[in-house]
Amino acid sequence: MKRMGMIFRAKANKALDRAEDPRETLDYSYQKQLELLQKVRRGVADVATSRKRLELQLTQLQQQSAKLEEQGRKALSLGREDLAREALTRRSGLQTQIQDLEVQYQQLQGEEEKLTLASQRLQAKVDAFRTKKETIKAQYSAAQAQTQIAESFSGISEEMGDVGLAIQRAEDKTAQLQARAGAIDELLASGALDDPSGMRKDDISAELDRLSAGNDVELELARMKAELTGGSAPQTPAIEQGQGQQAPQDKSPFDK
């Protein structure tokens, strides 16, 4: 089972490696970084909103505290010490709330500053990654194109490999047919094979035919010259006139 699991994982890894496109992976990573940056910015906005809400509450409590202090002074000036004491007691409670809110306000302000700084740093990293990403994608596309061109020229690619094999098979078949035709011609010329058409002759007959054809041409040329000059036609050789035959009489140039 362990071996089967290892084989399955190895094949799956190989399949994933063939299907993976580094450019798509880089784009996906960049998209995730943008989403993280958006979350950080949203956190900064939420903290800033909470800080502003505390700031408004502090302002209201400070105004109420100032109002109670003024009321206590007025009551004391009118001889109402009991009212002045009540106003100051309420003001003391407000001061406690104001102090607590001030502590929370400072904490939120510090958290806001940290998130703002983190957002700025993350923005710089995202911008740098985007530049690096585009550079890597361009280099990968160029390398992929160069590899495809090199494979096409060298015949390593699958398409060009099929074309090369087809050309090789055609050349082999052509060479085989040419060799077969040459061998048959040699066998027919040597007489080892019979020509059923009766058109092919042996070497001696072919040579005699060539000599006879050349002699006939020379005789015809001499006869035409004799007709033009008014001389006698040349004698036909014995081999062609036959033994015991006499040479023909001189003919007039006007005799046919």
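The following dialogue examines how terms are applied to this predicted model.

Modeller: In this predicted model, local features need pLDDT of at least 70, side-chain atom pairs count only at pLDDT 80 or more, and totals for chains, interfaces and linings use all residues. Residues are numbered from 1 along each chain as its sequence is written, and side-chain values use heavy atoms, with hydrogens and water left out.

Biologist: What makes up the secondary structure of the protein chain?

Modeller: The protein chain has six helices and zero strands. Helices are DSSP runs of H or I with at least four residues, strands are runs of E with at least two, and both are numbered from the N terminus.

Biologist: Why is Tyr30 called buried?

Modeller: Buried means under 20% relative accessible area, exposed means over 50%, and partly exposed lies in between (1.4 Å probe, protein chains only). Tyr30 has a relative accessible area of 15%, so Tyr30 is buried. Buried residues make up 12% of the 256 residues in the protein chain.

Biologist: What makes Arg73 exposed or buried?

Modeller: The relative accessible area of Arg73 is 56%, and therefore Arg73 is exposed. Arg73 is placed in helix α2, which covers residues 22-77.

Biologist: How many aromatic pairs are there?

Modeller: The count comes to one aromatic pair. The rings of Tyr30 and Phe129 have centres 6.4 Å apart and planes at 15 degrees, so this pair is stacked. The rule is that rings of Phe, Tyr and Trp (its six-membered ring) pair if their centres lie within 6.5 Å; planes under 30 degrees apart count as stacked, over 60 as edge-to-face, and the rest as tilted.

Biologist: Which parts does the pair of Tyr30 and Phe129 tie together?

Modeller: Tyr30 lies in helix α2 and Phe129 in helix α3 (residues 81-154), so the pair ties together parts that are 99 residues apart in sequence. Phe129 has 22% relative accessibility and therefore counts as partly exposed.

Biologist: How do you know that Lys133 lies over the face of Tyr30?

Modeller: A charge sits over a ring if NZ of Lys or CZ of Arg is within 6 Å of the ring centre and within 35 degrees of the ring normal. Lys133 lies over the face of Tyr30 at 5.1 Å from the ring centre.

Biologist: Why is the contact between Arg51 and Glu55 called a salt bridge?

Modeller: A salt bridge is a side-chain nitrogen of Lys or Arg within 4 Å of a carboxyl oxygen of Asp or Glu. The closest N and O atoms of Arg51 and Glu55 are 3.6 Å apart, so the two form a salt bridge. Because Arg51 and Glu55 are four residues apart in helix α2, they are separated by about one helical turn. Arg51 counts as buried at 18% relative accessibility, whereas Glu55 counts as partly exposed at 28%.

Biologist: Which helices hold Glu69 and Arg91?

Modeller: The side chains of Glu69 and Arg91 meet in a salt bridge of 3.4 Å, N to O. Glu69 lies in helix α2 and Arg91 in helix α3, so the pair ties together parts that are 22 residues apart in sequence. Glu69, at 28% relative accessibility, counts as partly exposed, and Arg91 counts as partly exposed at 24%.

Biologist: How many salt bridges does the structure hold?

Modeller: The structure holds 15 salt bridges. Asp82 and Arg80 form one of them, with their closest N and O atoms 3.3 Å apart.
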